[in-house]
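User: Could you take a close look at one helix towards the end of this chain and tell me how it sits among its neighbours? I'd like one connected walk-through.

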Amino acid sequence: MVNFGKRLMADQIPEWKGYYINYKLMKKKVKQYGQQLQLGEKDRRRVLKDFSKMLDDQIEKIVLFLLEQQGMLASRIEKLGKQRAILAEQPDISAIAELREAYREVGLDLIKLLKFVDLNATGIRKILKKFDKRFGYRFTDYYVTSRSNHPYSQLQQVFKHVGVGAVVGALSRNLADLQERQGSYLSIYDQPSNALKDPIIDMINSSVDKLTRSTNFLRFLGQHALIVGEESPSTAEEEEIEDQKYHFMSLMLNLVNTFLYMVNTYIIVPTADDYSVSLGAASTVCGVVIGSMAVAQIFSSVYFSAWSNKSYFRPLVFSSIVLFLGNVCYAMAYDMKSLTVLIVGRLLCGMGSARAVNRRYISDCVPARIRMQASAGFVSASALGMACGPALAGLLQWNFKIYMVTFNQSTLPGWVMAVAWLLYLVWLSISFKEPNRATDVIDTQQNSASVQRADIEQLENGLAQPLLRDSGSKQDEDDDDEEADDSEEGAHDSRKPATSIGSAYRLLTPSVKVQLLIYFMLKYAMEILLSESSVITNHYFNWNTSAVAIFLAILGLTVLPVNAVVGTYISNMFEDRQLLMVSQIALLVGIIFSFKITSTYSVVQYVASALITFVSAEVLEGVNLSLLSSVMSSRLSRGTYNGGLLSTEAGTLARVVADGTITAAGYLGIGKLLNVTLLPSLVICATSIASTFLTYNSLF
């Protein structure tokens, strides 16, 4: 196995050798501290202090050199700017060409500096992880928390590459201005943003994107799917293998499956209470009817995720058949006058949840260059399904019989979805193409070195250690072997996915656990709002099914516009953790405003509070999953127990608990239903805000 330190020696810039983080020295210090603790020569507190000081010194060395290089680049750009001003008055084609080449040379040096920052940032993360593993201590949390906002800390200079953006902007502007626009009176700001760019600009932007997470709408939306892709560029051979596995129609079938499932989930919400009453149950039993689908989904998500390790086509076929049968049972329960059949139908629908397969197909079979678009499509399909479900229910207001089979507002959602899944099954059988899994084996065998390089680029699995080694030193070779065999950075171990719930849980840091708690909380609050809406509005305002359907559809339609605003504008102005805290507080305000405190409860109060709650939850979900995709280990992006499965389980469990709460609260009377169900939301939301506050400084 090729040690990454040797590759790093070849990649680093020789004349900058002394300014990289001395990873080898720090690794030896970690080992030495372990021995000193065992012998009692030092206590844990002294070790933490010494190691913190050493890491502070390393970071200061990096930052001072970074600032020096930034100043040199800025000075060069300033001198070139003076030459450019002279040429603007006396144009000379050859001189302009020389000036453009000079700017390009600055651009190449800037790319070298960006790579320098990238290697050092990775090295800092890796040595912190190594320290944590050696001592079983959450030193990373302490170090980042204590230095994230301190006025004297230089940690953020590295991770936020402060000042580089100004150099990038100046260089890009001048290069773009020289590109194909000599002699024109127009500024680059008068030109389309997608105009032809100098290749150097694209290289710079690529390097910057690798250093910092982009906040454009597409990436922001795509991160909601928790589909983690490789950050490093693929080789031509790897891209060819990805293309062999990719099939556009198969991707579309997975997205349609996602859309139909969300429609299936929410199409019954406006009528579930009336259906329950028609079968002789209380209207609040709608909580059990709606939630039974989520109960089954808790289990189906696991076996579908495991099944997708072997096939994508067969689980999708099974999903379609089970959903067809489930919807038929749901519709037939009316004529059979059986609440049991109704609930069994919804359980079957939950057993057909193939969202784990949909997500896994995008992760495994869609080329990296379009994976973010596919991930955004996955989220958009879910959002549209959530809005279309209630809207469709509002249109199904007919009442007739065919051969003793009743078709009305309660049963038509089941019949319509049964037909939809049957048609989908036919389309699936004709058009789906199972990817060739043999290419995975070939890829592993023939491109193991490329796989290792890709892994190294990952935040958790990269290893930045400019080894100041003597090629003839036997000790250095021993150290390299020790690192390859004994550390978590080994290529095989770092790629190994979680194989059980327990191993997945052990990969969860406190920050990730808090994000999962927040996800549970927001899904709980949203489910309470949506599932009891029909009962609450009928009790207080006498709304009919159509009115409830329109109300829920309008709420659902806010999903994409809200995410567009947050992803395109707001997230560029504020940090994700700031948006996380603000949206939680707004959600708390919405919940408080929803309580019935006075003797009267107006439509204005209900609609306004519901809108605040739902929109806040949508903003919170976007920011929450964006942060979760950043802080979660890349080992949870693969295998059965991946990050997508964990978040799905957290959200599904929240829905189960929320729907159970509605039914349980119904025994206290419909008049108390609203306040009783809102109280747990209030408590959980306050708890998540407190947890966010405690882990705030470690959220990056």
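Analyst: Contact here means heavy atoms within 4.5 Å of each other. Keep in mind that this is a predicted model. With that in hand, let's go to α15, which runs over residues 339-351. It has 13 residues and reaches 18 Å from its first C-alpha to its last, close to the 18 Å expected at 1.5 Å a residue.

Which residues of α15 are buried? They are Val341, Leu342, Gly345, Arg346, Cys349 and Gly350. The cover over them includes α11 (248-266), α12 (272-278), α13 (286-307) and α14 (313-336).

Take α13 from that group. It packs against α15 at about 35°, with the axes 6 Å apart, and the crossing is right-handed. On the α13 side, the residues making the contact include Val289, Met293, Gln297 and Phe304; on the α15 side, Leu342, Arg346, Cys349 and Gly350 are among those taking part. Those four also belong to the buried set of α15.

Another of the covering helices, α11, has a partner of its own: α11 and α16 (residues 355-365) pack at about 150°, with their axes 9 Å apart. That angle makes α11 roughly antiparallel to α16. Their crossing is left-handed, and the contact includes Leu251, Leu255, Tyr261 and Met262 of α11 along with Val357, Tyr361 and Ile362 of α16.

Terms used
Residues numbered from 1 in each chain as written. Predicted model: local features only at pLDDT ≥ 70, side-chain atom pairs only at ≥ 80, totals over all residues. Heavy atoms only, no water. Helix = DSSP H or I, 4+ residues; strand = E, 2+ residues; numbered from the N terminus. Expected span 1.5 Å × (residues − 1). Buried < 20%, exposed > 50% of the residue type's maximum accessible area, 1.4 Å probe, protein only. Axes fitted to C-alpha atoms, helices over the stretch in contact; angles between N-to-C directions. Parallel < 35°, antiparallel > 145°, perpendicular 65-115°, else oblique. Left-handed = near helix turned anticlockwise from the far one by under 90°.
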